[in-house]
Amino acid sequence: NRSLCEITGYTSEELIGKKDEEVFPKETTGAALHFVKEVQRTGKRVEAETKIPFSTGERQYALSFVPIKDASGRLIRIAGMATDVTEHRRLEEALKKAEAELSSIFRAAPVAMGLLFDRKFAMANEEFTRITGYSFEEVKGQSASILYPTKEEFDRVGTVKYRQIREEGTGTMESQWRRKDGQLIDVLLSSSAVDPADWSRGMVFTALDITERKRAQAEIFRQRQLFKTITEN
């Protein structure tokens, strides 16, 4: 077909009657012969993947060899198909690299970080597990609601933060989480979309434990009120 003509540089008329070793590199024809023999032996479809070096450059192909049988079930031909998956594999490798880099950032981050899909945990770092008491395995796939003291607070955070994300790109607010041991902690939450144009790709969040800071602020306020009361009296 046209695709085969394009990748080999031959016209259809030039290809008809040629042996495969006249068109393809030796290592490729050797592999193809192995797959053909496997189809002949089993009578079943064989699929594989290989790199083929053409004059235009090396490309990655998904190969499929399909048995064609007559009415009696006798093998009469083998159809070979090759799908260029070079770009697909390149994107897969780029995605794996990006995921590895993201995982590295997550692990090294000094604050709790995670990735949510539809407010369900897909990733979380060690700092997250430290401040919540949950292992990642315990929260993976779970709704973030398990961290909030009430459903009302979970809903409030979602409403406020998602409105902020729509309007400003990032949602930041204070709330409370309930640790695995039942202790309440104050947290400063910040979230943003992985892809602002497609929220289905997930939300990255950070959570900073501000419990001690809130306690210190409350103590300062209490002492100021006490001092005010003493001076007024």
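Hi everyone, let's start in the middle of this predicted model. Its largest nonpolar core has 22 residues, and those with the most contacts inside it are Phe121, Phe128, Leu147, Tyr148, Trp177 and Leu189. Several elements each supply at least two residues of this core, among them strand 4 (112–117), helix 6 (126–132), helix 8 (151–168) and strand 8 (203–209). There is also a second, separate core of nine residues, which includes Ala32, Val39, Leu63 and Phe65.

Let me stay with Phe128 for a moment. Leaving aside residues up to four places away in sequence, Phe128 touches Ala112, Met113, Phe121, Val139, Leu147, Trp177 and Phe205.

Now, helix 4. This helix covers residues 26–42, 17 residues in total, and reaches 25 Å from its first C-alpha to its last, close to the 24 Å expected at 1.5 Å a residue. Which of its residues are buried? They are Thr28, Thr29, Ala32, Phe35 and Val39. Looking down the axis of helix 4, you find the buried residues within an arc of 125 degrees, so they line one face of the helix. The face turned away from that buried side carries the exposed residues Lys26, Glu27, His34 and Arg41. Just after helix 4 comes Gly43, with a positive phi of about 75 degrees.

Why does the pair tie together parts that are 30 residues apart in sequence? Because Phe35 sits in helix 4 and Phe65 in strand 2. Phe35 counts as buried at 16% relative accessibility, and Phe65 does too, at 10%.

Compare the pair of Phe128 and Phe205: edge-to-face, with 6.1 Å centre to centre and 70 degrees between the planes. Phe128 lies in helix 6 and Phe205 in strand 8, so here the parts tied together are 77 residues apart in sequence. Both Phe128 and Phe205 are buried. Ring pairs also link Phe121, Phe128, Tyr148, Phe154, Trp177 and Phe205 into a cluster.

One last stop, back in strand 2 (residues 57–69), where we find Gln60. Is Gln60 buried or exposed? With a relative accessible area of 15%, Gln60 is buried. Its side chain makes a polar contact of 3.0 Å with the side chain of Glu49. Beyond four places away in sequence, Gln60 touches several residues, including Glu49, Lys51, Asp84 and Arg89.

Thanks, everyone!

Methods
Residues numbered from 1 in each chain as written. Predicted model: local features only at pLDDT ≥ 70, side-chain atom pairs only at ≥ 80, totals over all residues. Heavy atoms only, no water. Core = buried A, V, L, I, M, F, W, Y, C linked by side-chain atoms within 4.5 Å. Buried < 20%, exposed > 50% of the residue type's maximum accessible area, 1.4 Å probe, protein only. Helix = DSSP H or I, 4+ residues; strand = E, 2+ residues; numbered from the N terminus. Contact = heavy atoms within 4.5 Å. Polar contact = N/O pair within 3.5 Å; in protein donor to acceptor, adjacent residues only side chain to side chain. Expected span 1.5 Å × (residues − 1). Arc of directions from axis to C-beta. Phe/Tyr/Trp six-rings, centres within 6.5 Å; stacked < 30°, edge-to-face > 60°.
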